[in-house]
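Colleague: Hi! Could you show me how to read a structure like this one, step by step?
Modeller: Happy to. Let's open the structure and begin with a single residue.

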Amino acid sequence: MTAYLAMWEDATVASWTSDANHPRLNDHATDEALMLLEFVLEENAGRQQVSQGAPKHDVQVVESSAERRRLRDCMDETDWLLYDSDGELVNSVPGSHRWVHATVERRDAQWIVTDLVLEEQATC
């Protein structure tokens, strides 16, 4: 779970500037997980939107082996909101909770998030 939470800390910092090339993004994410984070940040940057605040997590391990963990998180985005370049809140309904599914794998003696699925808001 440590790598998963660290990945979100990295993504949160990058979201404050919508920097898809932020140097921390690949510290705890790779493969499809990293591509998804970069895609979301690129989309936000294209719309000239940045986040403020940070998400909260309620993570559970749903499957575990020596080399892989599958996680389910009811991510609380209530205090992690998008703003436009004028500082106006973009979200029509501020924040929400959504299911996040992640796979964390042990690679080169390090745990790293390899897959990430974000469900729609208000799913948990």
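This is a predicted model: local features need pLDDT of at least 70, side-chain atom pairs count only at pLDDT 80 or more; totals for chains, interfaces and linings use all residues.

Modeller: Start with Ser51: leaving aside neighbours within four places in sequence, Ser51 is in contact with Ser15, Trp16, Trp80, Leu81 and Leu82. Ser51 belongs to strand S1, residues 50-53.

Colleague: Is Ser51 buried or exposed?

Modeller: A residue counts as buried when its relative accessible area is under 20%. Ser51 has 8%, so Ser51 is buried.

Colleague: Now the sheet. In what order do its four strands come?

Modeller: The order is S2-S3-S5-S6, in an open sheet with antiparallel pairing. Strand S2 (59-64) and strand S6 (110-118) are at the edges; each has a single partner strand, so one side of each lacks a neighbour in the sheet. On average, neighbouring strands are turned by 25° against each other, direction ignored.

Colleague: How many bridges join S3 to S5?

Modeller: Nine bridges join strand S3 (residues 68-76) and strand S5 (residues 97-107). Arg70 stands opposite Thr103 in S5.

Colleague: Which strands does H1 lie across?

Modeller: H1 lies across S2, S3, S5 and S6, at about 65° to S6. H2 lies across S5 and S6, running at about 55° to S6.

Colleague: And how much space lies in the largest pocket?

Modeller: About 490 Å³. It is lined by 22 residues, and those closest to its centre are Val40, Asn44, Glu77, Trp80 and Arg98. H2 gives the largest share of the lining, seven residues. By class, the lining has 12 nonpolar, six polar and four charged residues.

Terms used. Residues are numbered from 1 along each chain as its sequence is written. Side-chain values use heavy atoms; hydrogens and water are left out. Helices (H or I, at least four residues) and strands (E, at least two) are DSSP runs, numbered from the N terminus. Buried means under 20% relative accessible area, exposed over 50%, partly exposed in between (1.4 Å probe, protein chains only). Contact means heavy atoms within 4.5 Å. On a 1 Å grid over the protein atoms alone, a cavity is a set of points where a 1.4 Å probe fits but cannot get out, and a pocket is an open set with protein on both sides within 12 Å along at least five of seven lines; lining residues have an atom within 4 Å of a point. Grid points are joined across faces, edges and corners, and a volume is the space filled by probe spheres set on the points. Ala, Val, Leu, Ile, Met, Phe, Trp, Tyr, Cys and Pro count as nonpolar, Asp, Glu, Lys and Arg as charged, and the others, Gly among them, as polar. Two strands pair if DSSP finds at least two bridges between them. Axes are lines fitted to C-alpha atoms, for helices over the stretch in contact, and angles run from 0 to 180 degrees between N-to-C directions.
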